[in-house]
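Reader: I would like to learn how to read a protein model feature by feature, beginning with the general idea each time. Could you take me through one slowly?

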Amino acid sequence: MTTTLETATIDTPAGGFWLAARDGALVAAEFAERIPHRLSRLEARFGPLELRDAADPAGAASALRRFLAGEVAALDSVPLDAGGTPFQRDVWAALREIPPGTTATYADLAARVGRPAAVRAVGGANGANPVALFVPCHRVVGKDGLRGYAGGLSRKAWLLAHEGTATRS
């Protein structure tokens with residue numbers, strides 16, 4: 001059986017951003033150059049895919065446009081179906097609790113999910129986030145400044161600055 005995903009690509013100051021939704025919930029959000037990687041993950045999760053262009057999959061495109069216009073909490077209301085393991089889902093839920101304009105360290109995030117010694121595992125779950133921006137993995141930094149982001153550190157810095165976060169690299 002084929003799974004249908006509604007998709008859209010939105011131009012942002014940080015580059016094209018791809019959105020994919022299934023049954024009214026966002027299942028993927030990535031910078032455009034990472035689409036092949038994300039599609040392979042989605043095929044592993046759902047099986048064969050049919051991609052259909054849509055104006056506003058799961059309301060994510062309009063929420064992203066509001067975010068880009070300065071309404072930095074606009075992404076919080078989009079329904080998500082990120083999949084993942086129970087641990088990943090716990091980490092992703094904790095990420096959504098980091099308010100715009102603030103950051104947390106990997107150690108902070110590990111403590112938030114009740115696993116203070118699991119800093120590396122938290123980093124792995126953070127990096128496996130399939131719905132970037134909507135689950136704000138860019139708000140996690142190293143104890144000594146910006147570290148790691150699949151979209152690139154310059155995008156991470158831009159996103160944090162857009163949200164009003166003062167950072168050091």
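Author: What follows is a conversation about helices, cores, backbone angles and salt bridges in this structure. Please keep in mind throughout that the model is a predicted one.

Reader: Let us begin with a helix, then. Which residues of helix H3 are buried?

Author: The general idea is that an α-helix has 3.6 residues a turn, so residues three or four places apart point the same way. In this structure helix H3 covers residues 86-96, and its buried residues are Phe-87, Gln-88, Val-91, Trp-92, Ala-94 and Leu-95. Looking down the axis of H3, you would find these buried residues within an arc of 160°, so they line one face of the helix.

Reader: What covers the buried residues of H3?

Author: The cover includes helix H4, which is residues 106-112, helix H5, which is residues 119-127, and strand E6, which is residues 140-141.

Reader: How do H3 and H5 lie relative to each other, roughly parallel or roughly perpendicular?

Author: The axes of H3 and H5 come within 9 Å and cross at roughly 80°. An angle from 65 to 115 degrees counts as roughly perpendicular, and H3 and H5 are therefore roughly perpendicular to each other. On the H3 side the contact is made by Phe-87, Gln-88, Val-91, Trp-92 and Leu-95, while H5 contributes Ala-121, Val-122, Ala-125 and Asn-126.

Reader: Now I would like to look at the nonpolar core. Which residues touch the most other members of the largest one?

Author: The largest nonpolar core has 37 residues, and those touching the most other members are Phe-17, Leu-19, Leu-26, Leu-64, Val-91, Leu-95 and Phe-134. Two or more residues of this core come from each of strand E2 (15-22), strand E3 (25-31), helix H2 (60-68), H3, H4 and H5. Apart from this core lies another, of 9 residues, among them Leu-5, Val-27, Ile-35 and Phe-46.

Reader: Which residues does Leu-26 touch, not counting residues up to four places away in sequence?

Author: With those sequence neighbours set aside, the residues in contact with Leu-26 include Leu-19, Ala-58, Val-78, Leu-80, Val-131 and Phe-134.

Reader: Where is Asp-23 found, and is it buried or exposed?

Author: Asp-23 sits in the loop between E2 and E3, and its phi, near 50°, is likewise a positive value in a residue other than glycine. In contrast to the buried Ala-58, Asp-23 is exposed, with a relative accessible area of 71%.

Reader: With which residues does Glu-30 form salt bridges?

Author: The side chain of Glu-30 meets that of Arg-34 in a salt bridge of 3.0 Å, N to O. Glu-30 also forms a salt bridge with Arg-38, where the closest N and O atoms are 2.7 Å apart. Both Glu-30 and Arg-38 are buried, and for Glu-30 the relative accessibility is 5%. Elsewhere, salt bridges that share partners join Arg-22, Asp-23, Arg-45 and Asp-81 into one network.

Reader: To finish, which residues does Ala-128 touch, not counting residues up to four places away in sequence?

Author: Ala-128, which lies in the loop between H5 and E6, touches Arg-38, Gln-88 and Trp-92 when those neighbours are left out. Ala-128 itself is partly exposed, with a relative accessible area of 24%.

Notes:
Residues are numbered from 1 along each chain as its sequence is written. This is a predicted model: local features need pLDDT of at least 70, side-chain atom pairs count only at pLDDT 80 or more; totals for chains, interfaces and linings use all residues. Side-chain values use heavy atoms; hydrogens and water are left out. Buried means under 20% relative accessible area, exposed over 50%, partly exposed in between (1.4 Å probe, protein chains only). Helices (H or I, at least four residues) and strands (E, at least two) are DSSP runs, numbered from the N terminus. The arc is that of the directions from the helix axis to the C-beta atoms. Contact means heavy atoms within 4.5 Å. A nonpolar core is a set of buried Ala, Val, Leu, Ile, Met, Phe, Trp, Tyr and Cys residues joined through side-chain atoms within 4.5 Å. A salt bridge is a side-chain nitrogen of Lys or Arg within 4 Å of a carboxyl oxygen of Asp or Glu. Axes are lines fitted to C-alpha atoms, for helices over the stretch in contact, and angles run from 0 to 180 degrees between N-to-C directions. Angles under 35 degrees count as roughly parallel, over 145 as roughly antiparallel, 65 to 115 as roughly perpendicular and the rest as oblique.
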